[in-house]
Amino acid sequence: MAARTSASETIAAIATPAGRGGVAVIRVSGPLTTSIAQAVLVDIPEPRRAVFREFRDDHGDSLDNGLAIFFPAPASFTGEDVLELQGHGGTIISDLLLSRVLALGARLAEPGEFSRRAFLNDKLDLTQAEAIADLIDSSTQQHARAAMRSLQGQFSATVQSLTDAITQLRMHVEAAIDFPEEEIDFLADERVLLQMSQVQQMCEQIIASARQGALLRDGMTVVIAGRPNAGKSSLLNALAGHDAAIVTDIPGTTRDVLRERINLDGMPLHIADTAGLREHADVVEAEGIRRAHQEMQRADQILYLIDATRSVDDATLQQEVAVLPPAIPITYVFNKIDLTDREPALESSVPPRVFVSIVTGAGIALLREHLKQCAGFQSAESGTVSARRRHLDALARARDHLTEARIQLIEHRAGEVMAEELRRAQQCLGEITGEFSSDELLGRIFSSFCIGK
């Protein structure tokens, strides 16, 4: 996509979902926008004012009619001349109008190309552009609000504040380097160490907020595993709040992976119910067990269901879990406590144990809270912003450079090395907002957007 993005080209796309609807919006951006407007509308509408117009074909006949809005550069979404044609919804009529616009010199926009031009023309930074896609794709109210905060620039502002604080610290350190006879006294100054601590604390606060934002966006993937008839499908239904899986007394009912996405107090939870694990199985069930192991390898957390009538210290239990992926965190969920004298409980053992009765619902609330704790999720606060894994990666690298800068300050009094570590931390932060971003990264980010965005 990077090779095709050019300010000299005019792009166009249908900005509304495909199919039958009340309205279809065609968006045009680029240097040919005004000539396209004159050809289709006869005249150019007054800027930023919706007007009713006939949409004309190349013979001057009416293709459709609707609203037209013209946004002259630079006061537009992309920073270029932009035209929006809002006609009647429907595949045929919108395709005819788009074909007319393309025949007048525009080309079909790539996914996310409108947002990319807005970024390149300094109308948005990279986090704000990504927030547009997150707002469109949001699956919970909390995620939508967090994405809106990022779109409004809250995340960018916090990152910029950290960058400014590092800049101030760098100025002091590099000033000391320029006057080597004073460097040791300067670096020993407690104010420098205090500044360094404040910068590190600010970084940790941003990481904590971004981690919550990433959880709102990505959620956590949980695989329910266990022996046949342990209650795996019943647990899926209990967490989902409806009968997503078939439940019977016949062992081996679940033969394939059943996936469900639920909202856990604002955090998306991707749950997979898998085939019961046992040694002797027919061909179809054996394939289901193979897929269960494959699914567990990709999980963030495994819930291993156990019949609570079994002893907690049953020796065979260790043999069962020995085949599970060792790198994936596991929680033992002892089900059917209604058949025992046990009370609902969450034990912070290794692995953690949760005692529930899916039939009565006892302990399910404890399990839900445990899952949020496993993910590190807290209730979405008013300041939570939308964030992505790449943001967390960049922040983590910035934190590492700040840690190394502190070591150089305290242990070595090495001003040059400290300044270099601070510069690298700034560069990591610049990757978040797009100040330092490769064309490959930009192409990967914007290619995931909608065609008309």
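Leaving aside its neighbours within four places in sequence, Asp 218 is in contact with His 270 and Arg 389, where contact means heavy atoms within 4.5 Å. The side chain of Asp 218 also makes a polar contact of 2.8 Å with the side chain of Arg 217. A polar contact is a pair of N or O atoms within 3.5 Å; within protein, one must be able to donate a hydrogen and the other to accept it, and residues adjacent in sequence count only if both atoms are side-chain atoms.

This is a predicted model, in which local features need pLDDT of at least 70 and side-chain atom pairs count only at pLDDT 80 or more, while totals for chains, interfaces and linings use all residues. Residues are numbered from 1 along each chain as its sequence is written, and side-chain values use heavy atoms, with hydrogens and water left out.

Asp 218 is found in helix H8. Helices (H or I, at least four residues) and strands (E, at least two) are DSSP runs, numbered from the N terminus. Helix H8 covers residues 190-218 and packs against helix H13, residues 389-412, at an angle of about 165 degrees, with the two axes 10 Å apart. Axes are lines fitted to C-alpha atoms, for helices over the stretch in contact, and angles run from 0 to 180 degrees between N-to-C directions. H8 and H13 are therefore roughly antiparallel to each other. For such labels, angles under 35 degrees count as roughly parallel, over 145 as roughly antiparallel, 65 to 115 as roughly perpendicular and the rest as oblique. The residues of the contact of H8 with H13 divide into 15 nonpolar, three polar and six charged. Here Ala, Val, Leu, Ile, Met, Phe, Trp, Tyr, Cys and Pro count as nonpolar, Asp, Glu, Lys and Arg as charged, and the others, Gly among them, as polar.

H13 has another helix to pack against. Its axis and that of helix H14 (residues 415-433) come within 8 Å and cross at roughly 170 degrees, and H13 and H14 are therefore roughly antiparallel to each other. Among the residues that meet are Ala 394, Leu 395 and Ala 398 in H13, and Val 417, Met 418 and Leu 422 in H14. By class, the contact of H13 with H14 has 13 nonpolar, three polar and six charged residues.

Next come the sheets. Strands of a sheet pair through backbone hydrogen bonds, either parallel or antiparallel. Two strands pair if DSSP finds at least two bridges between them.

An open sheet of seven strands has the order S8-S9-S7-S10-S11-S13-S12, with mixed pairing. Its edge strands are S8 and S12 (345-347), each pairing on one side only. From one strand to the next, the twist averages 25 degrees. Arg 259 has Ala 272 in S9 as its bridge partner. S8 and S9 form a hairpin with two residues between them, and Asp 265 in the turn has a positive phi of about 55 degrees. Strand S7 (residues 220-226) and strand S10 (residues 301-307), by contrast, pair in the parallel sense over five bridges; here Val 223 has Ile 302 in S10 as its bridge partner. Helix H10 (residues 283-297) packs on this sheet, touching S7, S8, S9 and S10, and its direction makes about 145 degrees with that of S7.

An open sheet of six strands has the order S3-S4-S5-S2-S1-S6, again with mixed pairing. Strand S3 (51-56) and S6 stand at the edges, each with a single partner strand, so one side of each is left without a neighbour in the sheet. S3 pairs with strand S4 (residues 62-71) in the antiparallel sense over six bridges, and Val 51 stands opposite Ala 68 in S4.

Ala 12 has a bridge partner in each: Val 28 in S2 and Leu 108 in S6.

Two helices lie across this sheet. Helix H1 (residues 33-41) lies across S2, S3, S4 and strand S5 (82-88), running at about 80 degrees to S3. Helix H3 (residues 113-120) lies across S1, S2 and S6, running at about 135 degrees to S1.
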